[in-house]
Amino acid sequence: MHEPALRAAAFGGDPLPDPAVLRGPGTGRERLLAAVVLGAQGRYAAAATLLDALRRGKAPLEASLAASTLGAHRRQLGGHREARALDGEAFAMAVTLESEPDPDGLDAAGARADALLGLAADNLALGRLAAARRLAERAAAQDAGWRAGVRSGWVGAEIELAAGQGAAAVPHAERAFETAVARGARRHAVKSGIVLAVALRAAGRPDHREISDALVGNAMAAAEESELLSLSWPAALVAADLRPGHAEEYRFRVAQVLHAVLRSADPCGRRVAGESPWVPVPGG
């Protein structure tokens, strides 16, 4: 493993590293970054193996970041209750931590922000809108750097969308998108484009329709090019709603990608996806 290459894949403009970079023992930080990349590729079982070992390790910062990363992977497959337990575990380990600042938020403040934003997203999916707002506000108080700022924008937009406030979701989504693009964080820009496309369409302004369509098209293309399967199927699912004339084509692509993702998931990941009302059942 090689930390600069792993950082570029996890948080930069090169999300498709040489496969050799993801193999080998590595340091705890390198294994955490490898798990982030594997999860982005939809290789959840391989990621979970690395993350579970880190959660049981003796380094509390890496254990916290590993728990919240695994929580994010569970949430991506619709397992919000399982994710909430992991995010709670992550916050409990990070609440009193101190560390040197890290440029990508792999530090104490970043770990607390990751856990709090994860908890906010979990509570939102479970119908606890007020709790989600409080947790998102606590996360913003951490001042944890660019990555937390992007994730805060996603969660803020999702909270407003859940509240039926499409116009209020747009500034959150725009901030996330602009930050990710300025940082050169391709994976984060792809997800931010999806969130912004949904927010713009929900805002209901006629001039937003064309922008929203372009955003989701670009996100799909970038996700496919970089083999970001964790984002490819959500982008296609949004496209099916935004482009009803091609909905069947996009839903077929969703089924294809989800089939591949679930084949590469661990048993818990497959179970939560099968139980989730949010995740389409391939072939169903």
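These legends describe close-up views of a predicted model. Local features need pLDDT of at least 70, side-chain atom pairs count only at pLDDT 80 or more, and totals for chains, interfaces and linings use all residues. Residues are numbered from 1 along each chain as its sequence is written, and side-chain values use heavy atoms, with hydrogens and water left out.

View 1. Helix α14 spans residues 267-275. Helices here are DSSP runs (H or I, at least four residues), numbered from the N terminus. Gly-269, Val-272 and Ala-273 of α14 are buried. Buried means under 20% relative accessible area, exposed means over 50%, and partly exposed lies in between (1.4 Å probe, protein chains only). The buried residues of α14 pack against α4 (60-76), α5 (80-94) and α13 (247-263).

View 2. Arg-74 belongs to helix α4. Its relative accessible area is 7%, so Arg-74 is buried. Contact means heavy atoms within 4.5 Å. Beyond its neighbours within four places in sequence, Arg-74 touches Gly-79, Ala-83, Leu-86, Asp-266, Cys-268, Gly-269 and Val-272. Asp-266 sits in the loop between α13 and α14. Asp-266 is buried too, with a relative accessible area of 12%. With neighbours within four places in sequence left aside, Asp-266 is in contact with Tyr-44, Ala-45, Ala-48 and Arg-74. Glu-137 lies 129 residues from Asp-266 in sequence, and their C-alpha atoms are 33 Å apart.

**View 3. The α10 and α11 pair.** Two packed helices are described by the angle between their axes and the distance between the axes. The axes of α10 (residues 186-203) and α11 (residues 208-225) come within 8 Å and cross at roughly 155°. α10 is therefore roughly antiparallel to α11. Axes are lines fitted to C-alpha atoms, for helices over the stretch in contact, and angles run from 0 to 180 degrees between N-to-C directions. Angles over 145 degrees count as roughly antiparallel, under 35 as roughly parallel, 65 to 115 as roughly perpendicular and the rest as oblique. The α10 and α11 crossing is left-handed. Left-handed means that the near helix is turned anticlockwise from the far one by less than a right angle; clockwise is right-handed. Residues in the contact include Val-190, Ile-194 and Leu-200 of α10, along with Ile-211, Leu-215 and Val-216 of α11. The contact of α10 with α11 has 12 nonpolar, 3 polar and 4 charged residues. Ala, Val, Leu, Ile, Met, Phe, Trp, Tyr, Cys and Pro count as nonpolar, Asp, Glu, Lys and Arg as charged, and the others, Gly among them, as polar.

**View 4. The α6 and α7 pair.** Helix α6 covers residues 108-125 and helix α7 residues 129-140. Their axes come within 8 Å and cross at roughly 165°. That angle makes α6 roughly antiparallel to α7. The crossing of α6 and α7 is left-handed. Leu-116, Leu-117 and Ala-120 are among the α6 residues in the contact, and Leu-135, Ala-136 and Arg-138 are among those of α7. By class, the contact of α6 with α7 holds 12 nonpolar, 1 polar and 1 charged residue.

**View 5. The α12 and α13 pair.** Helix α12 (residues 229-242) packs on α13 at an angle of about 160°, with the axes 8 Å apart. α12 and α13 are therefore roughly antiparallel. The α12 and α13 crossing is left-handed. Among the residues that meet are Trp-233 and Leu-237 of α12, and Tyr-250, Val-254 and Leu-258 of α13. The contact of α12 with α13 has 13 nonpolar, 1 polar and 3 charged residues.

**View 6. Two loop residues with positive phi.** Asp-143 lies in the loop between α7 and α8 (146-162). Phi of Asp-143 is near 50°, positive in a residue other than glycine. Asp-143 has 70% relative accessibility, so it counts as exposed. Glu-227 is in the loop between α11 and α12. Glu-227 is not a glycine, yet has a positive phi of about 55°. At 44% relative accessibility, Glu-227 counts as partly exposed.
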